[in-house]
Amino acid sequence: MEQITYAVKEDIGKIKAVMQTAFEATKSKDWYVTDDREFLERHINEEGYILNYMVAGTIAGFLLIRHPKLAEDN
């Protein structure tokens with residue numbers, strides 16, 4: 001069964017694993033940058049949200065939505 005859920009802090013390790021899998025599969029490593037745990041936590045708690053694409057209870061993909069407002073890097 002497929003479904004979309006909002007990510008919670010406990011999902012971060014699994015999201016990082018999806019990122020790492022994508023990075024390893026990318027031929028041109030300079031095209032893909034993985035985010036760190038702190039960045040992901042900010043998007044769950046403060047600067048946006050993350051949607052998980054779930055297949056049979058496993059995170060198969062995700063969409064990170066960022067609302068940086070007045071953040072320095074915006």
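Me: What makes strand 2 and strand 3 a pair?
Reply: In this predicted model, strand 2 (residues 48-55) and strand 3 run antiparallel and are joined over eight bridges. Pairing asks for at least two bridges, so the two strands count as paired. One spot to look at is Gly48, which stands opposite Arg66 in strand 3.

Me: Why are strand 1 and strand 3 called edge strands?
Reply: The sheet is open, with three strands in the order 1-2-3 and antiparallel pairing. Strand 1 (2-6) and strand 3 (58-66) each pair on one side only, and that makes them the edges. Neighbouring strands here are turned by 20 degrees against each other on average, direction ignored.

Me: Where do the helices sit relative to strand 2 and strand 3?
Reply: Helix 1 (residues 12-25) lies across both strands, at about 95 degrees to strand 3. Helix 2 (residues 37-45) also lies across strand 2 and strand 3, running at about 100 degrees to strand 2.

Me: What makes up the largest nonpolar core?
Reply: There are 10 residues in it: Ala7, Ile12, Ile15, Val18, Met19, Leu40, Ile44, Ile50, Met54 and Ile59. As a general point, nonpolar side chains in soluble globular proteins tend to be buried together.

Me: Why are Phe23 and Tyr32 called partly exposed?
Reply: Phe23 has a relative accessible area of 25%, and Tyr32 has 24%. Buried means under 20% and exposed means over 50%, so Phe23 at 25% falls in between, and so does Tyr32 at 24%.

Me: How do you know that Lys29 lies over the face of Phe23?
Reply: Lys29 is at 5.0 Å from the ring centre of Phe23. The distance limit is 6 Å, with a further limit of 35 degrees from the ring normal. The distance passes, and Lys29 is listed as lying over the face, so the charge sits over the ring.

Definitions and conventions:
Residues are numbered from 1 along each chain as its sequence is written. This is a predicted model: local features need pLDDT of at least 70, side-chain atom pairs count only at pLDDT 80 or more; totals for chains, interfaces and linings use all residues. Side-chain values use heavy atoms; hydrogens and water are left out. Helices (H or I, at least four residues) and strands (E, at least two) are DSSP runs, numbered from the N terminus. Axes are lines fitted to C-alpha atoms, for helices over the stretch in contact, and angles run from 0 to 180 degrees between N-to-C directions. Contact means heavy atoms within 4.5 Å. Buried means under 20% relative accessible area, exposed over 50%, partly exposed in between (1.4 Å probe, protein chains only). A nonpolar core is a set of buried Ala, Val, Leu, Ile, Met, Phe, Trp, Tyr and Cys residues joined through side-chain atoms within 4.5 Å.
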